[in-house]
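Student: Can you walk me through this one? I'd like to start with the inside and then look at the strands.

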Amino acid sequence: MKAELTRLGDALLAGNVEEVRRLTQEALRLGVPPQAILDTGMRPAMERLGERFSAGLAYLPELLLAADTMKEGMEVLRPAVLRGEVRPEATLLIGTVEGDIHDIGKNLVRMMFEGGGFRVIDLGIDVTCEGFVEAYRREQPDLVGLSALLTTTIGQMEKVIRLIRAEDPRARVLVGGAPVRQAFADRIGASGYAPDAAAAVKVGRSLLGLG
C-alpha cells in the first residue's frame, strides 16, 4: 500500500484533483487507516514541496495548486475526521494584526499548516489585540501565528505577545510578514520567525517538538 500512498502524494503535487480523490477513496476501501493516508500520503508530499519552495526550486502557483488539491483529498477524509479517526497534530491560531488588511501571506501559511496536519483557526485580517487574546483563551491553541505586511502595523505584534503571555507565559508565538526580520522577532519576544509559508510550518513544528 505504500506505493499507492506515494502515488497519492505525487498526484497531489501534480494538482490532479480527480486522481487524488480516487486514490484516497481506494485507500479507504482497502482499509488503510485515514490517519495513515494523511501521514504517509499527503503530508510528506506537502513537506517536500515546502522544502523545494524555501530553496527556490518551486514557485507560489505550485504551492497554491497543491494546497487546493489537498483540500479535495481532505474532503474525502472528512467523515473520518468527524468520527475522530484523523487527529490534528496541533492547533494553530492565526491572524493579521490590527490595522493591516493584507491576507495573501497569511492564507498561504494557513494552507501550508493545514497540509501539515494542523487544525487551523483563522481569525482573518485587522484582528485587535483583544481579539487575539479572547480567541487564545477560548481555543487554547498550541501555537499562535501573527502576520503583518505594513511596517506601520508590526508593532501590534509586540502588544499581542505581551497580552497573550499575560494569559499564558508559555504561549508559543510565530511571527512573519514582509517587513519582519529575525532581529525584530527576537526583540519583541516571539518564539519564532519564518520568512515564508513553507518555513513557517517547519519552524512551527520545531517549536512544538514535532520534528
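Tutor: We'll take the core, then the strands, then one threonine. Keep in mind that this is a predicted model.

Student: OK, how many residues are in the largest nonpolar core?

Tutor: It has 41 residues. Ile37, Met42 and Phe113 have the most contacts inside it.

Student: Which elements give two or more residues to this core?

Tutor: Helices 1 (2-14), 2 (17-29), 3 (34-54), 4 (60-82), 5 (104-115) and 9 (197-207) do, along with strand 1 (91-96). There is also a second, separate core of 26 residues. Val160, Val175, Val180 and Ile188 are included in that one.

Student: Back to Phe113. What is it in contact with, leaving aside neighbours within four places in sequence?

Tutor: Its contacts are Leu92, Phe118, Val120, Leu143, Leu174, Ala200, Val201 and Gly204.

Student: Now the strands. How does strand 1 run relative to strand 2, parallel or antiparallel?

Tutor: They run parallel, and four bridges join them. Strand 2 covers residues 119-122. Ile94 stands opposite Asp122 of strand 2.

Student: What do strand 1, helix 5 and strand 2 make?

Tutor: A right-handed β-α-β unit.

Student: New topic: Thr69. Where is it, and is it buried or exposed?

Tutor: Thr69 is in helix 4. It counts as buried because its relative accessible area is 0%, and the cut-off is under 20%.

Student: What lies 2.8 Å from a polar atom of its side chain?

Tutor: The backbone oxygen of Leu65. Leaving aside neighbours within four places in sequence, Thr69 is also in contact with Ala11, Leu12, Gly15, Asn16, Val17 and Val20.

Key:
Residues numbered from 1 in each chain as written. Predicted model: local features only at pLDDT ≥ 70, side-chain atom pairs only at ≥ 80, totals over all residues. Heavy atoms only, no water. Core = buried A, V, L, I, M, F, W, Y, C linked by side-chain atoms within 4.5 Å. Buried < 20%, exposed > 50% of the residue type's maximum accessible area, 1.4 Å probe, protein only. Contact = heavy atoms within 4.5 Å. Pairing = 2+ DSSP bridges. Right-handed = clockwise from strand over helix to strand, strands pointing away. Polar contact = N/O pair within 3.5 Å; in protein donor to acceptor, adjacent residues only side chain to side chain.
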